[in-house]
Amino acid sequence: MIAKLQQELERRMGPGEAAAGFFAPGRVNLIGEYTDFNGGHVFPCALTIGTYGVARRRGDRRIRLYSLNFAEDGIYETSLDELIYRDIDGWSNYAKGVVWAFREKGYAIPAGFDFLCYGNIPNQSGLSSSASLEVLVSKVLIELFGLPVEMVEAALISQYAENRFVGVNCGIMDQFAIANGKQGHAVFLDTETLSYRHVPVRLDGVSIVIGNTKKKRGLHDSKYNERRRECEQALQDLQQVCRIRTLGDLTEAAFEEAAHVIHEENCRRRARHAVYENQRTLQAVKALQEQDIATFGRLLNASHISLRDDFEVTGPELDAMVEAAWKQPGVLGARMTGAGFGGCTVNLVETAAVPGFIEQVGRMYEEAVGYPGEFYVVEIGDGAKRI
Ligand code: GLA
């Protein structure tokens, strides 16, 4: 793959310094949804699908960016002195945003560069193709310019680009999992302290199946920011009576006792999800470590119900796909994953039952929404790396 991208780069951008090769994965979150901007825990893993890139330094300040996935866009040309967000710059805004973010954080980028990439994460699927690109570009800058930046910081800088340059007020989960994933392991991250641990995902005889609803995201980003504001409002109300820094500081019982002080009913339900989901995540990690996959699966199911009823980020497509999954033999758990409103589900399915699962859920989903979904049996891979 890298050799092919190197050839493409020479062909489209002309000869120059030999280009170095990089990879950053996509991610799937097993459990811990909408807990990351609430100071809670998340439990995502990096996938073996992701974004490949090649890059080389230039002798001037120009930056040239090309994606084989958006070949019709041609080469985006910019420079270190023109790092501004523009809608017409499409995907390249994510790359520009990362360069901008490194400089905002005080890292000198001494020269421009040429960059060409290709990704095999289905677009708009909620498997974090944009965070994958951001972390990939972070890795490129670190390596090309020898920047003293560890991958935890690279994740934070990538998130900063998304928050301040692109304008989506996301938490740290996606960039963190992509920067720090490990083959065969999930990342158990405390989003308040950023302390984390790799937990082996041993699912003897059980596969992780991702279901893509293929629902376009539409209003997704504005709804995302709205949920974040609702959680912040609930926290403010709770802080009148509880000494807490985040919703993640509360147990279920402490929440129930104080919940009446949250003025708006909507905000109360958002906060209830955040609190219970954080506790479910702690229980799920424990269950996985004890090889209790049945309990792990039930917690996934409970997560979906809470995201559907209290957080209200599922929608008819995700609900149809998850509800179809729950009815299948050999399914230990199923829920939406990522930001919701469309995108993907994550399912734990006995490996022998996977072909039947895909056929049945595929059929039921199409009957319910009128168009087909897509299914992938995935492997857990490493975080971003030079290759
Ligand atoms: C998106 C965001 C993450 C996280 C999830 C929901 O993927 O980028 O930070 O908030 O939604 O858990």
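**Exercise 1. Which helices each supply at least two residues of the lining of the second largest pocket?**

Solution. 
Step 1. Know the model. It is predicted: local features need pLDDT of at least 70, side-chain atom pairs count only at pLDDT 80 or more, and totals for chains, interfaces and linings use all residues. Residues are numbered from 1 along each chain as its sequence is written, and side-chain values use heavy atoms, with hydrogens and water left out.

Step 2. A pocket is an open set of points on a 1 Å grid over the protein atoms alone, where a 1.4 Å probe fits, with protein on both sides within 12 Å along at least five of seven lines. Lining residues have an atom within 4 Å of a point. Helices (H or I, at least four residues) and strands (E, at least two) are DSSP runs, numbered from the N terminus.

Step 3. Name the helices. They are α4 (151–166) and α6 (220–239). α6 gives the most, with four residues.

**Exercise 2. Describe the lining of the second largest pocket.**

Solution. 
Step 1. Count. The lining has 19 residues.
Step 2. Find the centre. Asp 36, Phe 37, Asn 38, Gly 39 and Arg 228 lie nearest to it.
Step 3. Sort by class. Six lining residues are nonpolar, eight polar and five charged. Here Gly counts as polar, and Tyr and Cys as nonpolar.

**Exercise 3. Which side chains have an N or O atom 3.0 Å, 2.5 Å or 2.6 Å from a ligand oxygen?**

Solution. 
Step 1. List the shell (a heavy atom within 4 Å of the ligand). Among its residues are Glu 33, Tyr 34, Cys 170 and Met 173. The shell divides into five nonpolar, two polar and four charged residues.
Step 2. Arg 27 stands at 3.0 Å. Asp 36 stands at 2.5 Å. Tyr 224 stands at 2.6 Å.
Step 3. Check the cover. On its own, the ligand has 310 Å² of accessible area (Shrake-Rupley method, 1.4 Å probe). The protein covers 93% of that.

How values were computed: Near = heavy atom within 4 Å. Polar contact = N/O pair within 3.5 Å; in protein donor to acceptor, adjacent residues only side chain to side chain.
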